[in-house]
Amino acid sequence: MSHFAELMERNRVSRGRQRKAANTAMLSLTGVLTALALVPLFWIIAYVVIRGGKNINLDFFIHLPRPLGMAGGGVLSAIEGTLVVTFLAALFAIPPGVLAAFYAARYPNTPLGVALRFSTDVLSGVPSIVVGLFAYAVMVVPMGHYSGLAGGVALAVIMLPTIIRTTEEMLKLVPATLREASLGLGAPEWKTSLSVLFPAASSGIVTGFLLALARAAGETAPLLMTTLGNERFDIGQIFRAGVQGHKSFFTILWSIVNQPVDSLPLALWKYAQQPYPERVQQAWAVALVLMLFVLIVNVSARVWIQNRTRRMKG
Amino acid sequence: MQKNRSSSRSQLGSLQRLFQHGDRPWQGVIILVSALVIILMITIGGMLWVQSAGARVKFGWSFLAPTANPNWDPVNDNFQAWPFLFGTLLTSIFAILFALPIGLGIAIFLAELCPAWLRTPLTWMVELLAAIPSVIYGLWGIFIFLPKVVAPVGVFLGDTLGKVPLLGALFTGPIPASGASRLAASLILTIMIIPTIAAVSRDVFMAIPGSQREAAKALGATEWETIWQVLIPYGRSGILGAVILGLGRALGETMAVTMVIGNSIQGGVSLLEAGYSMASIIANEFAEAVSPLHTAALLEIGLILFIITLLLNIVARFLVWQVARQTPQEARV
């Protein structure tokens, strides 16, 4: 009997040790996995900064690309193209996104509100290349040619769900008392929304725009079948030609958005696959510019949103 | 004069009443815009459906049928999508297999173990992984990740797992010298979907009520036993939702995959061979497609991608929503 109790006791102790060991091992494993996942982040940032930094200079920002195989030159066409396309995307996506967010924040449980949230979720899950095909079908096919305008439409569809969601979240953070005070003073609903709720939430909303813009600026896939790429794209030259030809301001603007344009991610994709070392070096420089833009916007937006959320909840 | 003004004022007043001081038009506008967002989602599917009609009518279901001798011949207008479907599914499934344990580990670490001061910076860093543009992943993949990691790992897998019967079919080498292969695509996708899986399952863990943890620990469970035997089963459907969202992201990922998968149309099944994916055939050939049937075939591949991601999103949202519903609104300690 005592022998049996002794065995039981020994078993209990060794089992306890086993459980403790398993506990320590598995808990440390989760920490190791977290560290492991961050390795690629720092690896990518380090290489892009080192290789890109070596190849970046003033020419890079102010010259058009040189012909293949020649050293030097810049990516002015791609920088201008990215600015044009993301500006158009913001123009198309922000007004409807904000208005839809007002609806989503005000009436979340109506059938339309539920359908709106579902569509926003689905839209944010649609692969960007499929959005590109959509923009091709609705813009490039009817217009008959590739254009910056079509690229703007594609990126707008990609930005829209992010804008709706962040704006909605920020509007919901505005204290209900503000809204009630405004309505109590006799202001109609639309005036309350536009001149009380929107200003109260505006800095958060703008941060949301920036996050959406940063995501859109890095997108490549939808531009392949909409803007196509154009290494000779130069806004300055188009302007000069337009002024010399005595064209109206809007005609010049239209000719800027109505032709194929280059963009930074597109240039990066093309350069990375070319067998010319100069082009590959340029690709790293483009990657640096793109990555710095995306990371700076992301980090500052997150700091901003967090401070704001804390202040509003507290 | 006096009378006239008062009548015009009362007219204005009745007009204002009619529009409820501008609220009617305002509601009209926001309802219209919200409806447009919903219509936009439907239009994306509809446009792809209409524009791909040529390929759908000509090839029917045989477009998608599995085949050992894939046919993708723009010159003779003969198209079959199987190698792309297979490449996408294989790389995405392997990416999920690699990313699930890592993402779950991160979620557990962030939600349960991590000291408070470290939580925010770590969460941000994991999310920054998702913010880096996919084309930069591709560039890093071609010049650094492929030669330094994928090629050696591929050779090793071919020498070990490649010799195992049955399973070996998936690992028959040799891997191309450049490293560009389905394995490379799976590994890059793994890195890219870890943030999705980690973030969603972290939210799932955060939503589990503290009473569950307290009960398990009161019964004598260690920290890990609490996590493994109580928290993970409790959040099972939410974690499944995270996996499905990650799968959706992996299926549609284009640029990074196109740059590392090797872009070769063939019937082999091995992970170590160069392959192709649905998104990358569209990226590579769409702008250069000449015949209308070629364009329609690529649009049909886009339509399939849209339908798959739509279904995955519906299932994932449903699962995550279920977890939120079954969890009482009880503050977590």
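Predicted model: local features only at pLDDT ≥ 70, side-chain atom pairs only at ≥ 80, totals over all residues.

**Domains, contact and core**

Residues are numbered from 1 along each chain as its sequence is written, and chains are lettered from A and ligands numbered from 1 in the order in which they are written.

How many residues of chain B does each domain bring to the contact between domain 1 and domain 2? Domain 1 of chain B supplies five residues and domain 2 of chain B supplies five residues, where two residues are in contact if their C-beta atoms, placed from the backbone, lie within 7 Å. On the domain 1 side of that contact in chain B, three residues are nonpolar, two are polar and none is charged. Here Ala, Val, Leu, Ile, Met, Phe, Trp, Tyr, Cys and Pro count as nonpolar, Asp, Glu, Lys and Arg as charged, and the others, Gly among them, as polar.

Chain A is assigned domain 1 at residues 1-53 and domain 2 at residues 55-313. The centres of these two domains of chain A, over C-alpha atoms, are 43 Å apart. Five residues of domain 1 of chain A touch seven residues of domain 2 of chain A.

Let me turn to the overall form of chain B. Chain B has 13 helices and two strands, which are DSSP runs numbered from the N terminus (helices H or I, at least four residues; strands E, at least two). Chain B is more spread out than a compact globule, because its radius of gyration of 26 Å is well over the 20 Å that the globule rule gives for 333 residues. The radius is taken over C-alpha atoms, and the rule is 2.2 Å times the number of residues to the power 0.38. Along the principal axes, the C-alpha atoms of chain B fill a box of roughly 100 × 70 × 35 Å.

Next, the contact between the chains. Chain A contributes 65 residues and chain B contributes 66 residues. Helix 1 (residues 2-54) of chain A provides the largest share of the chain A side, 19 residues. That side of chain A has 49 nonpolar, eleven polar and five charged residues.

Which residues have the most contacts inside the largest nonpolar core? They are Leu268(A), Val286(A), Ala287(A), Ile136(B), Ile188(B) and Val260(B), in a core of 190 residues. Such a core is a set of buried Ala, Val, Leu, Ile, Met, Phe, Trp, Tyr and Cys residues joined through C-beta atoms within 7 Å. A residue is buried if 20 or more other C-beta atoms lie within 10 Å of its own, exposed if 12 or fewer, and partly exposed in between, with C-beta atoms placed from the backbone. Not counting residues up to four places away in sequence, Val260(B) touches several residues, including Gly138(B), Ile142(B) and Ile188(B).

Finally, Asp77(B) is not a glycine, yet has a positive phi of about 55°. Asp77(B) lies in the loop between strand 1 (72-73) and strand 2 (78-79) of chain B.

How values were computed
Domains from an automatic or database assignment.
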